[in-house]
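Colleague: I am new to this structure and would like to learn how to read it. Could we go through it feature by feature?

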Amino acid sequence: MSLPLHVADLRLRSPRGRLLLDLPALSATPGALIGIRGASGAGKTTLLYALAGLLDRAEGSVRWGDTELLSLGSEGRARFRARNIGMIFQDFMLFEELGALDNASLTALFRPRSERPALRARARARLEALGLTDAERRVTSFSGGERQRVAIARAMAAEAPVLLADEPTASLDRANADRLIDDLVALVRTQGTTLIAVSHDPALLDRMDRVLTIEGGALAADEVPACA
Ligand SMILES: Nc1ncnc2c1ncn2[C@@H]1O[C@H](COP(=O)(O)OP(=O)(O)OP(=O)(O)O)[C@@H](O)[C@H]1O
């Protein structure tokens with residue numbers, strides 16, 4: 001399934017009324033690689049959270065295909081996310097009592113029984129590709145970078161139509177970061193996934209089709225990188 005994105009008049013205010021996000025319009029076609037950059041505090045993570053339907057106070061329209069995310073209740077948004085959005089966020093949302101593979105296969109719970117073995121096999125392969133070979137080890141004992149890799153494996157194994165990533169290369173060394181960028185681009189090109197990735201990493205941003213610059217919660221630029 002492919003899900004075009006249409007955002008209109010998206011606004012978010014802090015509890016004290018400060019405007020954190022103000023986006024009159026943003027569209028993305030399925031299969032696009034979109035980077036988001038901007039200074040610290042510009043609103044990049046807030047934008048990703050709004051696109052995932054994770055912010056209760058967001059106003060306006062975030063439409064993925066035929067689904068108007070902001071008109072759904074929190075349960076409906078969670079259901080939509082489980083089926084359609086892979087997330088690599090800075091809070092990795094791992095289950096401490098589970099092993100790496102169980103965490104990376106968690107989205108199987110939302111899939112028909114017949115699809116679960118293939119998803120688990122993809123999760124194992126993604127973990128191995130990311131250098132995590134001890135699939136049964138509980139994540140409690142994992143380092144920050146290892147935890148991030150489990151979250152990446154989970155998001156990629158799900159092969160959801162949309163992948164939202166917040167600094168996916170941040171805690172990887174250069175060689176692993178470069179391999180991950182290759183894998184993300186390959187996933188998008190083969191599956192028609194829409195990737196929206198916040199990053200400060202020029203190696204990642206240079207591989208995107210478009211790079212958005214966020215300043216003060218607003219879109220300051222929407223450019224094609226020089227080497228795309
Ligand atoms: N619930 C909230 N209440 C008040 N301010 C908030 C809230 N959530 C976010 N902010 C503020 O909104 C701004 C944007 O935050 P955000 O995390 O989106 O920035 P960012 O661009 O991702 O930064 P970084 O690169 O440092 O991660 C920041 O000034 C932050 O303090």
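Colleague: Is Pro15 buried or exposed?

Modeller: Start with the rule. A residue is buried if 20 or more other C-beta atoms lie within 10 Å of its own, exposed if 12 or fewer, and partly exposed in between, with C-beta atoms placed from the backbone. Pro15 has 6 other C-beta atoms within 10 Å, so Pro15 is exposed. Pro15 is found in the loop between β1 and β2.

Colleague: What kind of model is this, and how are residues numbered?

Modeller: This is a predicted model: local features need pLDDT of at least 70, side-chain atom pairs count only at pLDDT 80 or more, and totals for chains, interfaces and linings use all residues. Numbering starts from 1 along each chain as its sequence is written.

Colleague: How far apart are Pro15 and Arg57, in sequence and in space?

Modeller: They are 42 residues apart in sequence. In space the distance is 8.9 Å, C-alpha to C-alpha.

Colleague: Which residues are around the ligand?

Modeller: The general idea is a distance cut-off. A residue is near a molecule or strand if its C-beta atom, placed from the backbone, lies within 6 Å of it. Around the ligand are Ser14, Pro15, Leu20, Gly38, Ser40, Gly41, Ala42, Gly43, Lys44, Thr45 and Thr46. Helix α1 gives the most to this shell, with three residues.

Colleague: In what order do the strands of the four-stranded sheet lie?

Modeller: Pairing comes first. Two strands pair if DSSP finds at least two bridges between them. Four strands form an open sheet with antiparallel pairing, in the order β2-β1-β4-β5. Its edge strands are β2 (19-28) and β5 (67-68), each pairing on one side only. Strand β1 (residues 5-13) runs antiparallel to β2, and eight bridges join them. Within that pair, Leu5 stands opposite Ala28 in β2.

Colleague: Which strands does helix α1 lie across?

Modeller: Two rules apply. Residues are in contact if their C-beta atoms, placed from the backbone, lie within 7 Å. Axes are lines fitted to C-alpha atoms, for helices over the stretch in contact, and angles run from 0 to 180 degrees between N-to-C directions. Helix α1 (residues 44-51) lies across β1, β2 and β4 (59-64). It runs at about 60° to β2.

Colleague: In what order do the strands of the six-stranded sheet lie?

Modeller: The order is β6-β7-β8-β3-β9-β10, in an open sheet with mixed pairing. Its edge strands are β6 (85-88) and β10, each pairing on one side only. Strand β3 (residues 33-37) runs parallel to β9 (residues 210-215), with four bridges. Four bridges also join β3 to β8 (residues 194-198), again parallel. Ile36 shows both pairings: its bridge partner is Leu212 in β9 and Val198 in β8.

Colleague: What do β9 and β10 form?

Modeller: They form a hairpin with two residues between them. In the turn, Gly216 has a positive phi of about 55°. Five bridges join β9 to β10 (residues 218-223), which run antiparallel.

Colleague: What is phi of Asp9?

Modeller: Phi of Asp9 is near 50°, a positive value in a residue other than glycine. Asp9 lies in strand β1. With 11 C-beta neighbours inside 10 Å, Asp9 counts as exposed.

Methods. Contact = placed C-beta atoms within 7 Å.
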